[in-house]
Amino acid sequence: MAVRTKPLSEQVVVVTGASSGIGRATANEFARHGARVVVAARGEEALATLVSQIEEAGGQALAVPTDVAQWPQVQALAQAAVDRYGQIDTWVNAAAVHLYGRAEDITVDEFARVIHINLMGQVHGAYAALPHLRRSGGGVLIGVSSVEGIRAVPLQAPYVTSKWALRGFYDVLRMELMAEKAPVAVTTILPASIDTPLFAHARSKLDALPKPPPPVYAPEAVARAIVKAATHPTREVPVGGSALQFILAQRFAPALTDRLMAVRRVGYASQVADRPDTGADNLEQPMPGPGTVHSSHLGHAFSRSRYTEWFGHHPAVQRTALAAAGLTATVAIPVAAYASGRAKQRSSWQTRAARQATTLVAQGRRWAERAERWGRSRLV
């Protein structure tokens, strides 16, 4: 069943994780387009300042302090939205926490806490939202995963685990809703490195403050992708040009990428700032303060993602880009494997990478041909 979405000015939108970062930017963006917004997070002060900002700009907003790891609180959030505005048209699951360290240095309780917030928090949101989305005659469930749900990186075992699981959960849910012919669309957002307080708020076992590896994008780039999905839902939306690199690395050369990421100056140093860890984190309790969209990241953050704007919301065009880049990779990977050692002494992983890249040439060509046929009809 085709999902009929309402104009943003007629929508009621629930956003979890709205105290800072992507969630806060998303709530502001929805309100700017005239949607009535219900914002949720653990930090009451941050929610209060967000509602004030929205109302001062002429928008409508309701703050509902919520710990998404607590199912009764998420149920109450959905009910509060319906009690105030009478409906829910879009639900955005954006709450997340982070923890950096070697997997074996992270305690079982810490690992479980990340999973319970990042994964079960979104499961709770989906379960609470779906009855109301159906009752409204149709709507969109939007979950914020990550490109790390496609390609794993070291030092982030709980976070990566939660984001991989989220993609699987939303894939299953999407298929079941299709089979039911339910008027509900499911979109998964896959941000790359984003300049949010997530890193400063993360618990770190690295003796240094974590940072997003470059290139870094502004939270507003993700917010625009989420808002567009509320009226033009599609299966998955990568945000940031580096998302393409993650997708290609995992699809065409996972073993080679494993080895590259295991090199400390590649997979480790790029995630550690030259500042000591503050010792404060939001794993158990929310961070105090009014809440902010951006972090104290000192490098450049791209305000827009042209890749997302041009390709992210059009699956056929996205396949074209992936196919073109994939065909390039199928040439580059064997050459790199050959150049890294003598032809007669190549190690087994290099041989496998070369063989895998060669066999994927035909598949890449098929993607390109299909995208070429479907591209014009999909770009509407």
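**Salt bridges in a predicted model**

Student: Which residue does Arg-235 meet in a salt bridge?

Tutor: The side chains pair N to O at 3.2 Å. A salt bridge here is a side-chain nitrogen of Lys or Arg within 4 Å of a carboxyl oxygen of Asp or Glu. The partner of Arg-235 is Asp-171.

Student: How are the numbers and values set?

Tutor: This is a predicted model: local features need pLDDT of at least 70, side-chain atom pairs count only at pLDDT 80 or more, and totals for chains, interfaces and linings use all residues. Residues are numbered from 1 along each chain as its sequence is written, and side-chain values use heavy atoms, leaving out hydrogens and water.

Student: Is Asp-171 buried or exposed?

Tutor: Buried means under 20% relative accessible area, exposed over 50%, partly exposed in between (1.4 Å probe, protein chains only). Asp-171 has 18% relative accessibility, so the label is buried.

Student: How many residues apart in sequence are the parts tied by Arg-134 and Glu-180?

Tutor: Their side chains meet in a salt bridge at 3.0 Å, N to O. Arg-134 lies in helix 4 (residues 108–135) and Glu-180 in helix 5 (residues 157–180), so the pair ties together parts separated by 46 residues. Helices (H or I, at least four residues) and strands (E, at least two) are DSSP runs, numbered from the N terminus. The separation asked for is 46 residues.

Student: How many salt bridges does a search of the whole structure find?

Tutor: One of them joins Asp-281 and Arg-203 at 3.0 Å, N to O. The search of the whole structure gives 15.
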